[in-house]
Structure formats: structure tokens, C-alpha cells
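Here is a short briefing on one protein model. Look over the fold before reading the points below.

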Amino acid sequence: MITDSIGKEPKLAEVLAAAMKLYASGIKYIIPLCLLVYIPVNIIELFTPQAISVAALLENPVGIVESGLYDDFMLYFYITQGLRIVFGSIVAGGMTYIAASRLSPMPSALTSAGLLDYSLARWARLAYTGILCAVIVSMSLALIVPAIYFGVSFMFHLNITALSGERGLKALIGSAKMIKGRFLRSFLYFLVFQLISLGASALLMYLIPIFWPGYAFFSSAESSFLEKALYVLLNASVETISSFSIMAQAVWFIKLILNYRKPGVEKII
């Protein structure tokens with residue numbers, strides 16, 4: 001499916017344009033895939049009510065720590081991030097499948113069943129690789145520079161696992177080889193991808209309370225059934241929009257393979 005042709009480095013504008021085109025044309029496949037992942041994730045989170053919101057923590061961090069709610073917040077944070085590493089890997093696999101199917105020299109047909117089968121068949125490998133990456137990056141968080149280095153160097157780990165089937169350290173090393181020599185560009189691209197998705201999500205999170213006064217994007221034990229249902233649906237919708245960054249990264253990954261290969265990378269991809 002992927003050729004060994006060598007060409008110029010794909011530019012950011014080119015990657016974003018292709019990602020937007022794929023996201024728009026594949027939205028009927030992307031929405032069901034994302035909702036299939038993010039609705040169950042948010043339902044599970046209902047059993048771990050969030051004691052405080054991020055906004056409240058940022059507004060009064062000292063008071064939150066002194067009140068004892070900080071530990072509850074961190075427990076919630078670890079649970080939610082773990083869920084997204086394990087289940088979110090399905091979305092990364094699906095986005096890679098879409099990008100590879102549409103951008104290859106001989107595009108293949110795309111179906112919801114094919115997309116789901118492809119993602120689920122690789123779920124265990126994707127989850128394992130995602131967990132390993134998270135552990136390594138988390139262990140380096142005490143030192144900011146290493147955390148940034150590992151985070152950027154390993155950014156293609158799920159794409160590699162989805163496309164080649166390689167998992168664990170092989171996928172992480174394969175990603176590092178692809179990033180080598182283009183670290184600053186990779187950091188910039190990744191930052192732009194995230195800012196675009198965060199901007200769209202922030203806009204949605206700003207608009208929803210206008211039409212639903214008093215709505216909060218976090219659950220509590222006192223929330224009614226309707227509020228919890230809205231919490232699940234609206235947060236899943238926000239995360240679906242945020243998945244554009246996953247698509248953009250998948251597009252860049254495929255374009256790098258199509259346009260340029262570093263010695264040794266072809267042994268892993």
C-alpha cells in the first residue's frame with residue numbers, strides 16, 4: 001500500500017489541508033468510530049465523579065490542595081487519562097487506516113465495517129504500545145526537557161503499530177527514527193495540530209453553556225440522570241472534534257512515508 005518513493009518534506013499547510021479534506025470526507029465514518037470509543041469512556045467516568053473542575057483548580061490551586069480535594073482530582077485525572085490511552089488508541093488506529101487508504105497511490109475503498117475491524121483487530125497492540133509510551137514519558141515528567149523530547153520523538157508510535165503491526169519498543173524506536181533530524185518541525189506541527197483541535201473544542205465548550213445555562217463539563221455524585229446523559233454525549237462530541245489532531249498526525253505520518261524514508265525506517269514500517 002505504501003511506496004518507497006522519495007520526495008520533499010510535506011509542509012504544514014499541505015498536511016492541514018489534506019487532514020481537513022479527509023476529516024470532512026470521512027466524517028460519516030469518524031463520528032461513529034469516535035462515539036463508539038468516547039461514549040463508553042465517559043460513561044465509565046461517571047463512576048469516578050470529578051470532585052472539582054480544572055478551572056477551579058487553576059483559579060485557586062493553594063486552596064484546593066489545602067482542602068484535600070487535590071488528591072481526588074489527581075485520582076480522577078489518572079483514571080481518565082488511562083481510559084483514553086487504552087480506548088483512544090482505537091481512534092488512532094482508525095485515523096491511520098483512513099489516511100493510508102485515501103492517500104496511498106492506489107486508494108482503497110473505505111467502509112465503516114472495514115474501519116472498525118481494522119482498529120479493533122489491532123486494539124491490544126495499540127493499547128500496549130500506548131501504555132508503554134505513557135509510562136516512559138510520565139517517568140521523565142520531573143525533568144521537562146526529557147519529557148518533551150520523548151513525547152515528540154514517540155509521537156508516531158500508534159501510527160506505526162496501526163500500519164505495520166509492530167508494537168512496544170519497536171514502534172517507539174521506529175517513531176524516534178522518523179522524527180530524528182526533524183525534531184523542531186515535529187514539535188511545531190504537533191503543537192499546531194493540538195492548538196487547532198483545542199480551539200475548536202474550546203469554542204464548543206463556550207457555546208454549549210450559552211444554550212444550556214449552568215451546564216458543567218464535569219460530573220458529580222449530585223448530578224441528575226439528565227445531566228449525566230448530557231455530560232456523556234456532549235463530552236464525547238467535544239472529543240470527537242478534538243480527534244482532528246489525531247487525523248492531522250496520521251496524515252503527516254503517511255505523507256512522510258510516501259515522500260521520504262530514512263535508512264532503517266523501512267525495516268520497521
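Of the 269 residues in the protein, 43% are buried. The model is predicted. Its secondary structure comes to 13 helices and zero strands.

**Overall make-up**

- Along the sequence, the pattern reads α-α-α-α-α-α-α-α-α-α-α-α-α.
- The accessible surface comes to about 13,700 Å². Carbon and sulfur atoms hold 71% of that surface.
- Among contacts with a separation of 6 or more, 78% are between residues 24 or more positions apart.

**Helix 11 with helix 12**

- Helix 11 covers residues 183-211, and helix 12 covers residues 225-242.
- Their axes come within 8 Å and cross at roughly 155°.
- Angles over 145 degrees count as roughly antiparallel. Helix 11 and helix 12 are therefore roughly antiparallel to each other.
- The crossing of helix 11 and helix 12 is right-handed.
- Helix 11 brings S197, A200, S201, L204, M205 and I208 to the contact. Helix 12 brings L234, S237, V238, I241 and S242.
- By class, the contact of helix 11 with helix 12 has seven nonpolar and four polar residues. It has no charged residues.

**Helix 11 with helix 13**

- Helix 13 spans residues 244-259.
- The axes of helix 11 and helix 13 come within 8 Å. They cross at roughly 150°.
- That angle makes helix 11 roughly antiparallel to helix 13.
- Helix 11 passes helix 13 in a right-handed crossing.
- On helix 11, the contact is made by R185, S186, Y189, F190, F193, Q194, I196 and S197. On helix 13, F244, S245, A248, Q249 and W252 take part.
- The residues of the contact of helix 11 with helix 13 divide into seven nonpolar, five polar and one charged.
- S197 of helix 11 is listed in the contact with helix 12 and in the contact with helix 13.

**Helix 2 with helix 6**

- Helix 2 runs over residues 27-45, and helix 6 over residues 112-121.
- The two pack at an angle of about 40°, with their axes 10 Å apart.
- That makes helix 2 oblique to helix 6.
- The crossing of helix 2 and helix 6 is right-handed.
- From helix 2, K28, Y29, L33 and L36 meet S112, L115, L116 and S119 of helix 6.
- The contact of helix 2 with helix 6 divides into five nonpolar, two polar and one charged residue.

**Helix 9 and H157**

- Helix 9 covers residues 157-164 and is mostly covered. Six of its eight residues are buried.
- Those buried are H157, L158, N159, I160, T161 and A162.
- Just after helix 9, G165 takes a positive phi of about 90°.
- Is H157 buried or exposed? The cut-off for buried is under 20% relative accessible area. H157 has 11% relative accessibility, so H157 counts as buried.
- Which residues does H157 touch, leaving aside neighbours within four places in sequence? H157 is in contact with T129, G130, C133, A171, L172 and S175.
- H157 and L132 are 25 residues apart along the chain. Their C-alpha atoms are separated by 10.0 Å.

- S101 has its place in helix 5, which spans residues 69-103.
- S101 is buried, with a relative accessible area of 1%.
- S101 and I254 are 153 residues apart along the chain. Their C-alpha atoms are separated by 9.9 Å.
- E14 is found in helix 1, residues 12-25.
- At 31% relative accessibility, E14 counts as partly exposed.
- E14 and V251 are 237 residues apart in sequence. In space, C-alpha to C-alpha, E14 and V251 are 9.8 Å apart.

Key: Residues numbered from 1 in each chain as written. Predicted model: local features only at pLDDT ≥ 70, side-chain atom pairs only at ≥ 80, totals over all residues. Heavy atoms only, no water. Axes fitted to C-alpha atoms, helices over the stretch in contact; angles between N-to-C directions. Helix = DSSP H or I, 4+ residues; strand = E, 2+ residues; numbered from the N terminus. Parallel < 35°, antiparallel > 145°, perpendicular 65-115°, else oblique. Left-handed = near helix turned anticlockwise from the far one by under 90°. Contact = heavy atoms within 4.5 Å. Nonpolar A, V, L, I, M, F, W, Y, C, P; charged D, E, K, R; others polar. Buried < 20%, exposed > 50% of the residue type's maximum accessible area, 1.4 Å probe, protein only. Areas by Shrake-Rupley, 256 points an atom, 1.4 Å probe, with all protein chains shown as cover.
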